[in-house]
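This briefing sets out selected features of the structure shown below, grouped by topic for reference alongside the coordinates.

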Amino acid sequence: SQSFPVGGGTGVANVQASCSWQASTNVTWITLNGITIGTQSVPVNYTVAANTCVDPRSGTITLLQTNLASPPAIAVSQDGSLANLSLSPGNITAAAATTDGRITVNTGDGCNWTATADVSWIQITYGSPGSGTGGVSYHLLANTSAQRTGNIHVGALTCAITQQAPGPPPAVLSSVANAANYNTDAVSPGEIVALFGSGLGPASIATLQVSNGTVTNTLAGTQVLFDGVAAPMIYSLSGQVSAVVPYAVAGKASTQVQVQYQGVVSNTVT
């Protein structure tokens, strides 16, 4: 027997014989060189190709002879290498919504592999098992809770998938009213207004804040926009917020009002 490293190499089988024989091999990665048929003692040279797979492999060089029930053979073994397998990408960040994606498996021709997921919300849809360089398609179920992480395993390698938590519900603005009498027919520069809807702010009320002598135009993640201009905030609550109409609306026939909460912008009220 003889062992070879992952990179392959050359070997010699010293045949001792006084009869006809023929050398052969049962695998394609062992190549017999020079003399392979003879009637006397000679060396048989052979080459072992590089192993491009992760797993080790084995083959045989056999000396065939008509009258021998069990002809002599040389067992050839070769190491594999973890470096012969890679995944691209190695890490994935996905949105909370239902998502489909693909990772690429890079390895040598004829090298077999299997992809598995370790969580139920990652589903392998195509490509496993596979052989050689190929792809694994996956499907992510929608995430309705906190951020979560699962893995796709290919051999000893892991592709980590992080699925983000769902964002806040969309802000819905239903009306813009005078904060004193709740009239909704007009707004004026400097007027305090109350805005009603859903998803406009936090569950518990956040009240006016002052920074460097100025009322802030962001409060607990909420902004009220008049034609895109952020207004000074009085308070913020999920179903109701209050702000001061910016003086930039002076002289305009109408203004477009929106509420933005945690980066999500509401519909527009004119």
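Predicted model: local features only at pLDDT ≥ 70, side-chain atom pairs only at ≥ 80, totals over all residues.

- Strand E24 is mostly covered, as five of its five residues are buried.
- This burial applies to both faces of E24: Thr-222, Val-224 and Phe-226 lie on one side, with Gln-223 and Leu-225 on the other.

**Salt bridge**

- The structure holds one salt bridge, in which the side chains of Asp-227 and Lys-252 meet at 2.8 Å, N to O.
- Asp-227 lies in the loop between strands E24 (222-226) and E25 (229-230), and Lys-252 in the loop between strands E27 (240-244) and E28 (257-261), so the contact ties together parts that are 25 residues apart in sequence.
- Asp-227 has a relative accessibility of 32% and counts as partly exposed; Lys-252, at 44%, also counts as partly exposed.

**Disulfide and other cysteines**

- A search of the whole structure finds one disulfide; Cys-53 and Cys-111 form this bond, with their sulfur atoms 1.8 Å apart.
- Cys-53 is in the loop between strands E6 (42-48) and E7 (57-64), whereas Cys-111 is in the loop between strands E11 (99-106) and E12 (112-113); the pair therefore ties together parts that are 58 residues apart in sequence.
- The disulfide is left-handed because the torsion about its S-S bond is about -85°.
- Cys-53 is buried at a relative accessible area of 16%, and Cys-111 counts as buried at 4%.
- Elsewhere, Cys-19 is partly exposed, with a relative accessible area of 33%, while Cys-159 counts as buried at 0% relative accessibility.

- The largest pocket has a volume of about 260 Å³. Of its 15 lining residues, the closest to the centre are Asp-185, Ala-186, Val-187, Thr-255 and Thr-270.
- By class, the lining of the largest pocket comprises eight nonpolar, five polar and two charged residues.
- The second largest pocket holds about 210 Å³ of space. Thirteen residues, written 13 in the count, line this pocket, and the closest to its centre are Val-54, Asp-55, Cys-111, Asn-112 and Trp-113.
- The lining of the second largest pocket divides into eight nonpolar, four polar and one charged residue.

**Five-stranded sheet**

- Five strands form an open sheet in the order E1-E8-E7-E3-E5, with mixed pairing.
- Strands E1 (2-4) and E5 (37-38) stand at the edges with a single partner strand each, so one side of each is left without a neighbour in the sheet.
- Strand E1 pairs with strand E8 (residues 73-78) in the parallel sense over three bridges, and Gln-2 stands opposite Val-76 in E8.

Notes
Residues numbered from 1 in each chain as written. Heavy atoms only, no water. Pairing = 2+ DSSP bridges. Helix = DSSP H or I, 4+ residues; strand = E, 2+ residues; numbered from the N terminus. Disulfide = S-S within 2.5 Å. Buried < 20%, exposed > 50% of the residue type's maximum accessible area, 1.4 Å probe, protein only. 1 Å grid on protein atoms, 1.4 Å probe; cavity = no way out; pocket = protein on both sides within 12 Å on 5 of 7 lines; lining within 4 Å. Points joined across faces, edges and corners; volume = space filled by probe spheres on them. Nonpolar A, V, L, I, M, F, W, Y, C, P; charged D, E, K, R; others polar. Salt bridge = Lys/Arg side-chain N within 4 Å of Asp/Glu carboxyl O.
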